[in-house]
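Please look over the sequence and the structure below before reading on.

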Amino acid sequence: MISNNLKDKLVFIGGALGWFAVVVQFVLMMQNRIESLTETTIRFFSYFTIVTNCLVALYFSVLWYKKPLSLFTRFEKPGFLTATTLYIATVGIVYQFLLRDLWEPTGMQRMVDELLHSVIPVYVFVFWILFEKKKEISWKTIPSWLLYPLIYLIFILFRGHLSGFYPYPFVDVNELGFEKVLTISGLLFLAFGLGAVVLVGFGKSIKNR
């Protein structure tokens, strides 16, 4: 049995790590910007890594606050943590296999990069193992989890069409063409669905807290 005191500590650490990584990454991006402040800010929040780490940090912050917030009541319902784990795990997996070799950050950027793409995804997965009410998750909720990556995809494609900026090379319509980007996006979307099924199935197969 895991004590509430330990959970509180893990919640605090999760929130602190999340906000630290996002804020420092924003500062670093601003220091090295070549575009306007507004454009750089929009581009910052165009990365799935950033918006998902913000979601993680917000999730832990709401848990830490502990007081009823009608706007965030769903954060504590079974399944929300699983969906969040799916998103941040995808961030980690895609980075390790598709993006890690594209650059070699150093110094503070290297530390923040590892937090956003490696440490936090693993941390959230461990937290999910320990605290999610896995047996109570309904398979029927999986389709709703896919709305987040779908809305994100629509946003970056629309915004990229207007600005010419695409946050990731595998969605760069200028380089790959719209048809190939849609094909790759479809495969990633399928991966999200498969990942959700695997995560829920795995959760239901192990002993819950």
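This is a predicted model: local features need pLDDT of at least 70, side-chain atom pairs count only at pLDDT 80 or more; totals for chains, interfaces and linings use all residues.

Residues are numbered from 1 along each chain as its sequence is written, and side-chain values use heavy atoms, with hydrogens and water left out.

**Aromatic rings**

- Rings of Phe, Tyr and Trp (its six-membered ring) pair if their centres lie within 6.5 Å; planes under 30 degrees apart count as stacked, over 60 as edge-to-face and the rest as tilted.
- By this rule there are 18 aromatic pairs.
- Tyr 47 and Tyr 168 make an edge-to-face pair, with 5.5 Å from centre to centre and 90° between the planes.
- Tyr 47 lies in the loop between helix H2 (37-44) and helix H3 (48-65), and Tyr 168 in the loop between helix H7 (147-163) and helix H8 (173-176), so the pair ties together parts that are 121 residues apart in sequence.
- Helices here are DSSP runs (H or I, at least four residues), numbered from the N terminus.
- Tyr 168 is buried at 11% relative accessibility, while Tyr 47 is partly exposed at 24%; buried means under 20% relative accessible area, exposed over 50%, and partly exposed in between (1.4 Å probe, protein chains only).
- Phe 60 and Tyr 123 have ring centres 6.1 Å apart and planes at 75°, so this pair is edge-to-face.
- Phe 60 sits in helix H3 and Tyr 123 in helix H5 (residues 107-131), 63 residues apart, so the pair links distant parts of the chain.
- Phe 60 is buried, with a relative accessible area of 1%.
- Ring pairs join Tyr 59, Phe 60, Phe 80, Tyr 123, Phe 127 and Phe 131 into a cluster.
- Lys 134 lies over the face of Trp 128, 5.5 Å from the ring centre (the rule asks for NZ of Lys or CZ of Arg within 6 Å of the ring centre and within 35 degrees of the ring normal).

**Val 51**

- Val 51 is found in helix H3 and is partly exposed, at 22% relative accessibility.
- Apart from neighbours within four places in sequence, Val 51 is in contact with Phe 45 and Tyr 148 (contact means heavy atoms within 4.5 Å).
- The C-alpha atoms of Val 51 and Tyr 152 are 9.4 Å apart, although 101 residues separate the two along the chain.

**The largest pocket**

- On a 1 Å grid over the protein atoms alone, a cavity is a set of points where a 1.4 Å probe fits but cannot get out, and a pocket is an open set with protein on both sides within 12 Å along at least five of seven lines; lining residues have an atom within 4 Å of a point.
- The largest pocket holds about 680 Å³ of space.
- Its lining has 25 residues, and Gln 25, Met 29, Tyr 47, Trp 103 and Pro 167 lie nearest the centre of the pocket.
- H5 gives the largest share of this lining, four residues.

**The largest cavity**

- The search of the whole structure finds one cavity of 30 Å³ or more.
- The largest cavity has about 300 Å³ of space.
- Among the 18 residues that line the largest cavity, Phe 48, Tyr 152, Phe 170, Leu 188 and Phe 192 are closest to its centre.
- H4 supplies the largest share of the cavity lining, five residues.

Methods: Helices (H or I, at least four residues) and strands (E, at least two) are DSSP runs, numbered from the N terminus. Grid points are joined across faces, edges and corners, and a volume is the space filled by probe spheres set on the points.
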